[in-house]
Amino acid sequence: MDENLQRVFDQINEEDTLSLAKQLIAIPSPPGGEGPVGVFMAEWMKESGLSGRLQEIGPERYNAIGRISGVNPAEGKSLMYNGHLDTSQGGLDPHDEYLVYGELSNHKSWQPVPYMEDGRLYGAGSSNCKGNVATFMIAAKAIKDSGIELNNDLILAGVAAETGKAEIDQYQGPRYRGHGIGTQQLLNSGVTSDYAVVVESSRMLVNWSLPGVLYLKLTVKGHPAYIPYIDNARHPIYKALPIIDAIREWGEQYTKDNVYTYSGTDGKPRGEIRPNVNVGSIRAGAPPKPNYQPAVLNMYVDIRTSPARLPQDVEREFRAFVRGLDPEIEVVTYRSQTGSAPEATFVEDLTNHIEDSYRTVYQTDPIPLHWEQHSRWHDVIIYHEHGIPCVKCGPGPGPEGSDYTRRSLSPEELVKAAKMYAAAALSICQVAE
Ligand SMILES: [Zn+2]
């Protein structure tokens, strides 16, 4: 192994990596409450010689930014590692949390308390994305502590507001404002790089094609009536039943029709996106008043979109379909983000560096990523919008295992991720002479 790389690897150990991941997990950071964990991360980077600082993106919401400045920026490329500090858990009131997650909302693996079970690290955000963030922090500190200088900049970004809530109805304010506004602020304010890696779980395999997202609210109109006067033909809940069924059927066909596959520069298949459709919430009437036929029923639908289509194109198709079911249904769009699938050549150099570091650390060839790991929205897309080659690559379990184990990371995964990030940084930013 390269002598410089060995010097950096000698600085990476399981104890420090696991300890940092636990410290991040132990600071609660539901959407809208990322302040304290951002402060911790910025302080840690400052103390580690990584120029930590904060960037406010809203009340008590920060991006934490660190940097190793290159000494010869004409050489090599600058590289940014990006991981989100908000956890998908929390941010709703407890009643809504229970309606969405059931018993899981009270489970210990969703609390900001780290614990080990069967040799794996659990706690809110363990594999999404706090453990992942800890690994690139450790990688950068190891480079710094090794005394090696880089030609070009290595930038670290712990961002707020990545997870997928969106404001609608009475759900307004920072708790519901997410899906990438932290990274947008980061890039819009000039914290950019030549290359970027978003460290979402992928078993350290690489992908660069992601679906877009539409959130739509449908209002089925009925007629309010006290119980002696109920009229089933104008009852919005009964009117909604065949509509829900029709959306399910439409969605099943839509997913099949919109599967997106892509290849690497060698022409070999790299992955597949299956854009799903989900009726995620239904609201009508009020629980203390079942004696009333409600006036309206609201339905909230998530439609993932192929990167080959604009969300507004899918929206038009869906609106026409809904109109065919009942012209009186109102449709309001409250999230619309385009997917991204750049040509393989756009990310080829970055991908080669990352996959070479995979071979160095794992001593085997990387394989294509499973479709489940492709069919999600991540901040990768925002980098592409800014013309920055970016891939997703982070520690975390694959499709095998249970929903429970997927919320955890093993110490071995954490250490290997830290080593991979260090190796990729050395080869992309280049070691200074
Ligand atoms: Zn995530």
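Student: Going by the rule that two strands pair if DSSP finds at least two bridges between them, how many bridges join strand 8 and strand 14?

Tutor: There are 10 bridges between strand 8 (residues 212–221) and strand 14 (residues 296–305), and the pairing is antiparallel. Keep in mind that this is a predicted model.

Student: Which residue in strand 14 does Ala284 bridge to?

Tutor: Ala284 has Leu297 as its bridge partner. Leu297 also bridges to Val220, as above.

Student: Switching to helices. At what angle do helix 2 and helix 5 cross?

Tutor: Roughly 135°, with the axes coming within 9 Å. Helix 2 is residues 14–25 and helix 5 is residues 126–146. Helix 2 is therefore oblique to helix 5.

Student: Left-handed or right-handed?

Tutor: The crossing of helix 2 past helix 5 is right-handed.

Student: Which residues meet there?

Tutor: From helix 2, Asp16, Thr17, Leu20, Ala21, Leu24 and Ile25; from helix 5, Ser126, Lys130, Gly131, Val133, Ala134, Thr135, Met137 and Ile138. By class, that contact between helix 2 and helix 5 has eight nonpolar, four polar and two charged residues.

Student: OK, what about helix 2 and helix 12, what angle there?

Tutor: About 100°, and the axes of helix 2 and helix 12 (residues 411–429) are 9 Å apart. Helix 2 is therefore roughly perpendicular to helix 12, since angles of 65 to 115 degrees count that way.

Student: Which side chains' positions make that contact, residue by residue?

Tutor: Helix 2 brings Glu14, Thr17, Leu18 and Ala21, and helix 12 brings Pro411, Leu414, Val415 and Ala418. The residues of that contact of helix 2 with helix 12 split into six nonpolar, one polar and one charged.

Student: Zooming out, which residues go to which domain?

Tutor: Domain 1 is 3–210 + 340–429, and domain 2 is 212–264 + 271–337.

Student: How many Å separate the two centres?

Tutor: The centres of domain 1 and domain 2, over C-alpha atoms, are 33 Å apart. The contact takes 17 residues from domain 1 and 18 residues from domain 2.

Student: What classes of residue are on the domain 1 side?

Tutor: The side of domain 1 that touches domain 2 has 10 nonpolar, six polar and one charged.

How values were computed. Residues are numbered from 1 along each chain as its sequence is written. This is a predicted model: local features need pLDDT of at least 70, side-chain atom pairs count only at pLDDT 80 or more; totals for chains, interfaces and linings use all residues. Axes are lines fitted to C-alpha atoms, for helices over the stretch in contact, and angles run from 0 to 180 degrees between N-to-C directions. Helices (H or I, at least four residues) and strands (E, at least two) are DSSP runs, numbered from the N terminus. Angles under 35 degrees count as roughly parallel, over 145 as roughly antiparallel, 65 to 115 as roughly perpendicular and the rest as oblique. A crossing is left-handed if the near helix is turned anticlockwise from the far one by less than a right angle, and right-handed if clockwise. Two residues are in contact if their C-beta atoms, placed from the backbone, lie within 7 Å. Ala, Val, Leu, Ile, Met, Phe, Trp, Tyr, Cys and Pro count as nonpolar, Asp, Glu, Lys and Arg as charged, and the others, Gly among them, as polar. Two strands pair if DSSP finds at least two bridges between them. Domain bounds come from an automatic or database domain assignment.
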